[in-house]
Amino acid sequence: MKWIDIPPVWLGIALMVVWQLGARQPYDLSFEGPLVQFLGGLFVGAGVVLMVLALIEMRRHRTTFVPHKEADSLVTKGVFNLSRNPIYLADALILAGLALRWDAPLGLILVPVFIWTIERRFIVPEEKMLRRKFRMDYARYEQATRRWI
């Protein structure tokens, strides 16, 4: 089950559920409208941009973006100055945005479930590794920058 231990798999599963909810329209719930479509597109776009900026910053610092692998350096610049987890935040924005775009109001319930899963499965262990490796530097970063936003 190691293949499931990466965030894109969890995001993919959540997106499949949201897509199904949008296709089936349970309880005849709907968000229809151009404003909702625009907002959904805005969330997806913001998520993609945030993810790309985070990956660029990690590459610039020559460190891994692969979960459960030890980081070579502590990245605190760029979007990491706004959030300690910009890639996971981007995933949540994309999930919320596609729930809106696919007209799946019940799919929005999955956003906090996804965040909780990612936090327990990836963020908490990653933060332990960073605390152990970067000690005071990470402690200062943790004090100055929120986990999400």
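Helices here are DSSP runs of H or I with at least four residues, strands are runs of E with at least two, and both are numbered from the N terminus. On that basis the protein chain of this predicted model has 4 helices and 0 strands.

**Whole chain**

From the N terminus on, its elements run α-α-α-α. The C-alpha trace spans about 50 × 35 × 25 Å along its principal axes. Colour by relative accessibility next: of the 149 residues, 40% count as buried.

**Helix 2 and helix 3**

Select residues 34-60 for helix 2 and residues 86-101 for helix 3. Two packed helices are described by the angle between their axes and the distance between the axes. For this pair the angle is about 160° and the axes are 7 Å apart. Angles over 145 degrees count as roughly antiparallel, so helix 2 is roughly antiparallel to helix 3. Their crossing is left-handed. Show the side chains where the two meet: the contact of helix 2 with helix 3 has 21 nonpolar, 5 polar and 2 charged residues.

**The loop between helix 2 and helix 3**

Stay with these two helices and move to the loop between them, where R62 is found. Most residues other than glycine have a negative phi. R62 counts as exposed because its relative accessibility is 72%, and the cut-off for exposed is over 50%.

Select H68 next, which is in the loop between helix 2 and helix 3. H68 also has a positive phi, near 70°, and is a residue other than glycine. With 34% relative accessibility, H68 counts as partly exposed, the class that runs between 20% and 50%.

**Helix 1 and helix 4**

Now select residues 7-24, which form helix 1, and residues 110-144, which form helix 4. The axes of helix 1 and helix 4 come within 11 Å and cross at roughly 165°. That angle makes helix 1 roughly antiparallel to helix 4. Which hand does the crossing of helix 1 and helix 4 have? The crossing is right-handed, whereas that of helix 2 and helix 3 is left-handed.

Within helix 4, pick D137. At 44% relative accessibility, D137 counts as partly exposed.

**The largest pocket**

Finish with a surface view of the largest pocket, which holds about 650 Å³ of space. Which residues are closest to its centre? Select M58, T64, F65, Y88 and E126, the closest to the centre of the 33 residues that line the pocket. Helix 1, helix 2, helix 3 and helix 4 are the elements that give two or more residues to the lining. Which element gives the largest share of that lining? Helix 4 does, with 7 residues.

Last, colour the lining by residue class. The lining of the largest pocket has 21 nonpolar, 5 polar and 7 charged residues. E126, one of the residues closest to the pocket centre, falls in the charged class, since Glu counts as charged.

Methods:
Residues are numbered from 1 along each chain as its sequence is written. This is a predicted model: local features need pLDDT of at least 70, side-chain atom pairs count only at pLDDT 80 or more; totals for chains, interfaces and linings use all residues. Side-chain values use heavy atoms; hydrogens and water are left out. Axes are lines fitted to C-alpha atoms, for helices over the stretch in contact, and angles run from 0 to 180 degrees between N-to-C directions. Angles under 35 degrees count as roughly parallel, over 145 as roughly antiparallel, 65 to 115 as roughly perpendicular and the rest as oblique. A crossing is left-handed if the near helix is turned anticlockwise from the far one by less than a right angle, and right-handed if clockwise. Buried means under 20% relative accessible area, exposed over 50%, partly exposed in between (1.4 Å probe, protein chains only). On a 1 Å grid over the protein atoms alone, a cavity is a set of points where a 1.4 Å probe fits but cannot get out, and a pocket is an open set with protein on both sides within 12 Å along at least five of seven lines; lining residues have an atom within 4 Å of a point. Grid points are joined across faces, edges and corners, and a volume is the space filled by probe spheres set on the points.
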